[in-house]
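Keep the sequence and the coordinates open while you read.

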Amino acid sequence: MKIAVTYDRYHRLKPLDEAELIGLYDDSRGVVEEVQNPGYMKSKEFAMFYILKMKPDAIAVRDGFLCPGSYAMSKGKLKYILTDKESVEQFIDNVEEANPMEDLDERVYSEDEF
């Protein structure tokens, strides 16, 4: 499975528009291919457009990582892995516990405070 992860230069997981880097983790090879995030400091939709071009099977998310637009763009094209991990390394170390989902609760991508 190829999983997209968005993070900063310190490898802390970040929302799509706050992540300097996009990693594509291939669990079959145990390798992360890393690229600069063209959506950094721009928009979550722009970052998602680029992520979808990378053709991941899933993306690591938590509350606030997506927005309604980026969720709508990606729904049906990839799965979502909810994580409470803080860093890319922590996420990868625990990826075998991942439970990819087809849909997300609205709180994960809503821009409203719940």
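The paragraphs below take the strands, then the salt bridges, then the surface and the loops. The model is a predicted one.

Start with strand S4, which covers residues 58-61.

S4 has a strand partner in S1, residues 2-7. S1 and S4 pair in the parallel sense, over two bridges. In this pairing Ile3 stands opposite Ala58 of S4. S4 also pairs with S5, residues 79-82. That pairing is parallel as well, over four bridges. Here Ile59 has Tyr80 in S5 as its bridge partner.

Now turn to the charges. Side chains of opposite charge can pair when their charged atoms come close. How many salt bridges does the model hold? The count comes to ten. The cut-off behind that count is a side-chain nitrogen of Lys or Arg within 4 Å of a carboxyl oxygen of Asp or Glu.

Take Arg9 and Glu20. They form a salt bridge, with the closest N and O atoms 3.3 Å apart. Both residues lie in the loop between S1 and strand S2 (21-26), so the pair ties together parts that are eleven residues apart in sequence. The two ends differ in cover. Arg9 counts as exposed because its relative accessibility is 56%, and exposed begins over 50%. Glu20 is buried, because its relative accessible area is 15% and the limit for buried is under 20%.

Next comes Lys75 with Asp103. Their closest N and O atoms are 2.1 Å apart. Which parts of the chain does this bridge tie together? Lys75 lies in the loop between helix H2 (68-74) and S5. Asp103 lies in the loop between helix H3 (88-93) and helix H4 (106-109). The pair therefore ties together parts that are 28 residues apart in sequence. Lys75 is partly exposed at 40% relative accessibility. Asp103 is partly exposed at 43%.

Salt bridges with shared partners also join Asp26, Arg29 and Glu33 into one network. Within it, Asp26 and Arg29 form a salt bridge whose closest N and O atoms are 3.2 Å apart. Asp26 is buried, with a relative accessible area of 9%.

Some charges sit in a patch instead. Which residues form the negative surface patch? They are Glu45, Glu106, Glu111 and Asp112. Glu45 belongs to helix H1, residues 44-53. Its relative accessible area is 33%, so Glu45 counts as partly exposed. Patch members need over 30% relative accessible area and no salt bridge.

The loops hold two backbone angles to check. His11 has a phi near 70 degrees, a positive value in a residue other than glycine. His11 is in the loop between S1 and S2, and is partly exposed at 27% relative accessibility. Arg9 and Glu20 lie in that loop as well. Lys55 also has a positive phi, about 60 degrees, although it is not a glycine. Lys55 lies in the loop between H1 and S4. At 65% relative accessibility, Lys55 counts as exposed.

Finish with two contacts across the sequence. Leu104 is in the loop between H3 and H4. Leu104 is buried, with a relative accessible area of 8%. Its C-alpha atom is separated by 8.7 Å from that of Tyr71, 33 residues apart along the chain. Pro38 is in the loop between strand S3 (31-36) and H1. Pro38 is partly exposed, with a relative accessible area of 25%. Pro38 and Ile22 are 9.1 Å apart, C-alpha to C-alpha, and 16 residues apart in sequence.

Technical notes
Residues are numbered from 1 along each chain as its sequence is written. This is a predicted model: local features need pLDDT of at least 70, side-chain atom pairs count only at pLDDT 80 or more; totals for chains, interfaces and linings use all residues. Side-chain values use heavy atoms; hydrogens and water are left out. Patches are made of residues with over 30% relative accessible area and no salt bridge: like charges are joined within 9 Å, nonpolar side chains (Val, Leu, Ile, Met, Phe, Trp, Tyr) within 5 Å. Accessible areas come from the Shrake-Rupley method with a 1.4 Å probe; for residues, only the protein chains shown count as cover. Lys and Arg count as positive and Asp and Glu as negative; His and the chain ends are not counted. The place of a charge is taken as NZ of Lys, CZ of Arg, CG of Asp or CD of Glu. Buried means under 20% relative accessible area, exposed over 50%, partly exposed in between (1.4 Å probe, protein chains only). Two strands pair if DSSP finds at least two bridges between them.
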